[in-house]
Amino acid sequence: LKLVESGGGLVQPGGSLRLACTASGFTLEDSYAIGWFRQAPGKEREGITCISYTGRTTKYADSVKGRFTISRDDAENTVYLQMNNLKPEDTAVYYCAADRTLDCGNSYLAIPINHLDAWGQGTLVTVSS
């Protein structure tokens, strides 16, 4: 199972980025719930959003609610994270993860990423002027 994140980079405060998480070796459509986590410098990794395997349920941490949107395109075997109105405190390495047992909800955002079935190497997002 392999996940690869892309789309990170440097953006000014108030700007937008779209991250992608592409799976290989398995099919996301096969009952995998997907989540995005991030780890800022000097801080613990936090779960920020997830989407259920059906795509019908999403969950957001308060820190990103109203600014970030998660979506999935099973035909492309990819999950996206649209990030708008970015703030300097959004600077972090962003990771995606997939799990076939745990569906999207508060537990998914709280679980350590290495307890899930698969996770990627991360992509760096820097928000700075």
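Leaving aside neighbours within four places in sequence, Leu-28 is in contact with Ala-23, Ile-34, Arg-72, Asp-74, Asn-77, Thr-78, Val-79 and Ala-98. Contact here means heavy atoms within 4.5 Å. Before we go on, note that this is a predicted model, where local features need pLDDT of at least 70 and side-chain atom pairs count only at pLDDT 80 or more, while totals for chains, interfaces and linings use all residues. Residues are numbered from 1 along each chain as its sequence is written, and side-chain values use heavy atoms, with hydrogens and water left out.

## The cores

Leu-28 also turns up in the largest nonpolar core, which has 29 residues. Leu-28 is listed there with Leu-3, Trp-36, Phe-68, Leu-81, Met-83 and Tyr-94 as the residues with the most contacts inside that core. What's a nonpolar core? It is a set of buried Ala, Val, Leu, Ile, Met, Phe, Trp, Tyr and Cys residues joined through side-chain atoms within 4.5 Å. Buried means under 20% relative accessible area, exposed means over 50%, and partly exposed is in between (1.4 Å probe, protein chains only).

The elements giving two or more residues to this 29-residue core are E3, E4, E5, E7, E8, E9 and strand E11 (123-127). Those labels come from DSSP runs, numbered from the N terminus: helices (H or I) have at least four residues and strands (E) at least two. As background, nonpolar side chains in soluble globular proteins tend to be buried together.

## The disulfides

How many disulfides are there? The count comes to two, with a disulfide being a pair of cysteine sulfur atoms within 2.5 Å. Here they are side by side.

| Disulfide | S to S distance | Torsion about S-S |
|---|---|---|
| Cys-21 and Cys-96 | 2.1 Å | about 70 degrees |
| Cys-50 and Cys-104 | 2.1 Å | 75 degrees |

The torsion for Cys-21 and Cys-96 is about 70 degrees, so that disulfide is right-handed. Cys-21 lies in strand E3 (residues 17-24) and Cys-96 in strand E9 (residues 92-99), so the pair ties together parts that are 75 residues apart in sequence. Are these two cysteines buried or exposed? Cys-21 is buried, at 0% relative accessible area, and Cys-96 is buried too, at 0%.

The link of Cys-50 and Cys-104 is right-handed as well. Cys-50 sits in strand E5 (residues 46-51) and Cys-104 in the loop between E9 and helix H1 (106-110), so this pair ties together parts that are 54 residues apart in sequence. Both Cys-50 and Cys-104 are buried. Count the bonded cysteines along the chain and you get the pattern 1-3, 2-4.

## Strands around E3

Strand E3 has partners we can follow. Strands pair if DSSP finds at least two bridges between them. Strand E1 (residues 2-6) pairs with E3 in the antiparallel sense over five bridges, and the bridge partner of Lys-2 in E3 is Ser-24. E3 also pairs with strand E8 (residues 78-83), again antiparallel, over six bridges. In that pairing, Thr-22 has Thr-78 as its bridge partner in E8.

Asn-77 is buried, with a relative accessible area of 14%. Not counting residues up to four places away in sequence, Asn-77 touches Cys-21, Thr-22, Ala-23, Phe-26, Thr-27, Leu-28 and Glu-29.

## Rings and charges

There are two aromatic pairs by the rule used here: rings of Phe, Tyr and Trp (its six-membered ring) pair if their centres lie within 6.5 Å, and planes under 30 degrees apart count as stacked, over 60 as edge-to-face and the rest as tilted. One of them joins Phe-37 and Tyr-108, with ring centres 6.3 Å apart and planes at 35 degrees, so the pair is tilted. Phe-37 is in strand E4 (residues 33-39) and Tyr-108 in helix H1, 71 residues apart. Both Phe-37 and Tyr-108 are buried.

Phe-37 is also touched by Ile-111, as are Leu-102 and Leu-116, leaving out residues up to four places away in sequence. Ile-111 itself is partly exposed, at 21% relative accessible area.

Finally, the charged end of Arg-18 sits over the ring of Tyr-80, 4.0 Å from its centre. Arg-45 does likewise over Tyr-95, at 4.3 Å. This label needs NZ of Lys or CZ of Arg within 6 Å of the ring centre and within 35 degrees of the ring normal.
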